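Welcome! Take a moment with the sequence and the structure before reading on.

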Amino acid sequence: MPEEDSRIDHFVLEYRKTNFDGLPRVKDEQRWELIDYIKATEYTLSGLKFDTKYINIRVQACNKAVAGEYSDPVTLETKAFVFSLDSTSSHLNLKVEDTYVEWDPTGGKGQEKIKGKENKIRSGAPSPKRTSISARSSARGSRDHFTGESYTVLGDTAIESGQHYWEVRAQKDCKSYSVGVTYRNMGKFDQLGKTNSSWCIHINNWLQTTLSAKHNNKTKTLDIPVPDRIGVYCDFDGGQLAFYNANSKELLHTFRTKFTQPLLPGFMIWCGGLTVSTGLQVPSAVKTLQKSENGLSGSTSSLNNIA
């Protein structure tokens, strides 16, 4: 807001919705929506649709007699966070396809051998599928990937700002898996939650089912039933990473910190498979729980502090 002796009395905000990229177009333009008599320099637009572009946001300064020129239009977008699993940097014992990852103890060698045998019987030339596998193996071999007992795969899209939500479903026979986020500097032998730059929850179904939160090689056991679907909520700017029962929206655990680098979704799995659902809107129940939790004091665990 200008100085008190300014003649500006209020602001007018106008916006119109469109899915067009770039500059405004004359054809099929929607009418301007007007919000008048704004006394502050901030305003929240409500009722917007998820995963939609909104362009032509403009502001006008006014006094009681006359209005000034409109500002240059700016672009707003309620963009969905969509990512796939990055097979080019995953552990060789993981079979990765888009948003599905499965533990493969043979490292894909057994599968290629079987397919190679079938191809030899049918014809002398390799099938397109086998060619694809060889090309993928070559691409993976040219890049650093996780190895040892770090059965890890990362998302291919980083989070640098905003609030995002995705869900993970594990197969019933999955023995051990972790779900979380990490900075890009995760080493090839590192495991999620065992570094000061990664945060996760870990589920162990080997002898008995346990659920725990991990960060900086510290573990906090969570006395909560393990859900069949886990929701992950990441508020990058607010420094929160929360995990939910995706069915009931019950809060499982919250990490609080200040993220200083872009985050990549991370997954570790041993014996079984995981399916990831991306491009999801933050559920209203999660938003409500986050507001409620933000009002509580002293809820930060020692796990959440970066060393």
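## The chain as a whole

Of the 307 residues in the protein chain, 42% are buried. Please keep in mind that this is a predicted model. The chain has 3 helices and 18 strands.

Its accessible surface comes to about 17600 Å², and 49% of that belongs to carbon and sulfur atoms. How do contacts tie the chain together? Among contacts between residues at least 6 apart in sequence, 66% join residues at least 24 apart.

Let us now turn to helix α3, which covers residues 284-294. Which of its residues are buried? Val 286, Gln 290 and Glu 293 are. Looking down the axis of α3, you would find these buried residues within an arc of 70°, so they line one face of the helix.

What do the buried residues of α3 pack against? Their partners are the strands β9 (163-170), β14 (229-235), β15 (240-245) and β16 (251-256).

## Aromatic rings in pairs and a cluster

The structure holds 11 aromatic pairs. One of them brings together Tyr 183 and Trp 199: the ring centres are 5.5 Å apart and the planes stand at 75°, so this pair is edge-to-face. It links distant parts of the chain, as Tyr 183 belongs to the loop between β10 (176-182) and β11 (198-204), while Trp 199 is in strand β11, 16 residues apart.

Are these two residues buried or exposed? Tyr 183 is buried, with a relative accessible area of 4%, and Trp 199 is buried too, with a value of 0%. Elsewhere in the model, Phe 81, Phe 83, Trp 166 and Phe 267 form one aromatic cluster.

## An arginine over two rings

Finally, have a look at Arg 58. Its charged end sits over the ring of Trp 32, 3.9 Å from the ring centre. Arg 58 also lies over the face of Tyr 70, again at 3.9 Å from the centre of the ring.

Notes
Residues are numbered from 1 along each chain as its sequence is written. This is a predicted model: local features need pLDDT of at least 70, side-chain atom pairs count only at pLDDT 80 or more; totals for chains, interfaces and linings use all residues. Side-chain values use heavy atoms; hydrogens and water are left out. Helices (H or I, at least four residues) and strands (E, at least two) are DSSP runs, numbered from the N terminus. Buried means under 20% relative accessible area, exposed over 50%, partly exposed in between (1.4 Å probe, protein chains only). Contact means heavy atoms within 4.5 Å. Accessible areas come from the Shrake-Rupley method with a 1.4 Å probe; for residues, only the protein chains shown count as cover. The arc is that of the directions from the helix axis to the C-beta atoms. Rings of Phe, Tyr and Trp (its six-membered ring) pair if their centres lie within 6.5 Å; planes under 30 degrees apart count as stacked, over 60 as edge-to-face and the rest as tilted. A charge sits over a ring if NZ of Lys or CZ of Arg is within 6 Å of the ring centre and within 35 degrees of the ring normal.
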